[in-house]
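Hello,

I am passing a structure on to you, together with some notes on what turned up in it. Please have a look at it before reading on.

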Amino acid sequence: MKIDKAEVIVTSPDRNFVTLKLTTDDGLTGLGDATLNGRELAVVAYLTEHVVPLLIGLDAHRIEDTWQFLYRSAYWRRGPVTMAAIAAVDVALWDIKAKAAGMPLYQLLGGASRTGLLAYGHASGKSNNELFDSVREHQEKGFQAIRIQAGVPGLKSIYGIASNATFKGNDGVRYDHEPAQRGAYPAEEDWDTRSYLRHVPTVFEAVRNEFGSELPLLHDGHHRMTPIQAAQLGKSLEPFDLFWLEDCTPAENPEALRLVRQHTTTPLAIGEVFNSIWDYQQIIREQLIDYVRSAVTHTGGITHLKKVLEYASQYQIKSGMHGPTDISPVGMAAAMHLGLAIHNFGIQEYMQHGEKTNRVFEQSYTWDNGMLHPGDQPGLGVELNQDEAGKYPYEKAYLPYNRLSDGTVHDW
Ligand code: EZ4
Ligand code: CO
C-alpha cells in the first residue's frame, strides 16, 4: 500500500485550519491536522515544499519508520512547525492503517481503556455574574468539569474573556480568544500580574460558594507569572481544590516549576506549546507536573505523544490534551482515540467547533453527558468535505499579545 497523493488543504470556516490528506494507491485516504494558530502558512510551506515530495511512493503502513525518517533526515529537529507537519503525516497514516484494518483507530492503539472521555469546557465572564451564567450554560450543555477565567478589575481585556467581542460564533459572542483575531496585526491587550493575583482567589471562592465543592474546576495562567508569583497563586487557590492550574509560568524554563512545587499542592498542568518528549524529560522525571497538556497536532502525532504519555505514566502523571478550537476536528478525533486507549488518561479539553467547521469536517465522535467518544467508524472517523472547505479561503489572523501599563511587552 503506497502513498500515491498528498494534498495540503487550507480552509477557514470559523477560523483557519490546515489539513493534510494522503491517498494510497488502493484508494484509501487519511487525514492529519497541521493547524498552528496564527502561523498556519509556515506549516503549509514546510509540508508542501519539503515533506509532500518525500511521501509519494512510501509504504503507507510504515508509520514509525516514516516518523523517524522525517524527524532525523531534516537534521533540524523539533520546533512547533516541524512537529505539526510530522504530526499531520503521522495521524493521516494511522487513519489509513485503521481504515485498512476496518477498525476504529483506538483498537490499533490497544483498545478502549474506558467507556468515554471526561471533557472540560471554558466558562468565563468579566464579572462574577457573567461568569456564573457561563458556568450554568456549560452545565446545561452537559459539561461535568469547567475551566474558570475571569475579568480582572482595572484590566480592559484578558486572556480567555471575549472583552472586545472578537469572534461571533453561531451562538453569539463566545467567551474565548481561541480564534486568532482576523486582521493584519496582533491585537494589543493589557496586563497586571498583581491585580490578577489579588483577584483570582476571590473568583474561585465565589464560584465554590455558588456551585459547591463537587464540580471539578480548572484555571489557565497562560504563562504570565514568575515562579514565585505562581507559587503564591497555587497556594492561595488551595482552599478551592482545583483540578489543575495550567501554564503558571512560561514554558521555556522547566526549572521554574521546581520552585512552584515546593510551595503548593495545587496540581499543575503544562505543555500546550511543547512539541517533543525532550521538552518533558526533566519535568516528568522530577515529577514537577501532574498533567501533560500537549495536543497530538503539535507534538509529532500519535506516535510521539504516546511515547510522552507512556513515560509520564511511570510517575502517575496523566494526559490533559489541549483541545481549543484551533485544533481541528481531525486533531480532536486523534486525541480522543489516543485518550480512550491509554491507561493514564486524565481529562480532555473540549471547546466545541462552530457549525461551519462541523460542515467542513464531518465527524463521528460523540458528546454525551459530559463525555466524549471517538466513535466506531474505521479510522479516525472524520472526513473532509472538500466542496465545503473550498468555500472558505485562508484569512490572515493573529493571536493577541499584551503589554504592561508602562508599555513593556509581557508573556501572552
Ligand atoms: O491560547 O489554543 O488552554 N488553552 C489555551 C488556548 C491557547 C490557544 C493558542 O492557539 O491556552 O486558549
Ligand atoms: Co492553555
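Below are some notes on one residue, a pair of helices and another residue.

This is a predicted model, in which local features need pLDDT of at least 70, side-chain atom pairs count only at pLDDT 80 or more, and totals for chains, interfaces and linings use all residues. Residues are numbered from 1 along each chain as its sequence is written, chains are lettered from A and ligands numbered from 1 in the order in which they are written, and side-chain values use heavy atoms, leaving out hydrogens and water.

Let's start with Arg293, in the loop between β13 (291-292) and α10 (301-313); helices (H or I, at least four residues) and strands (E, at least two) are DSSP runs, numbered from the N terminus. Arg293 is buried, with a relative accessible area of 0% (buried is under 20%, exposed over 50%, partly exposed in between, with a 1.4 Å probe and protein chains only). Among the residues that Arg293 touches are Tyr120, Trp244, Glu246 and His322 (contact means heavy atoms within 4.5 Å).

Next, the helices α2 (residues 63-73) and α3 (residues 80-101): their axes, which are lines fitted to C-alpha atoms over the stretch in contact, with angles from 0 to 180 degrees between N-to-C directions, come within 10 Å and cross at roughly 165 degrees. The contact involves residues including Trp67 and Leu70 of α2 and Leu93 and Trp94 of α3.

Finally, Thr226 sits in the loop between β10 (217-220) and α7 (227-237). Thr226 is partly exposed, at a relative accessible area of 37%. From Phe132, Thr226 is 94 residues away in sequence and 29 Å away in space, C-alpha to C-alpha.

Best wishes

Definitions and conventions. Lists of a residue's contacts leave out its neighbours within four places in sequence.
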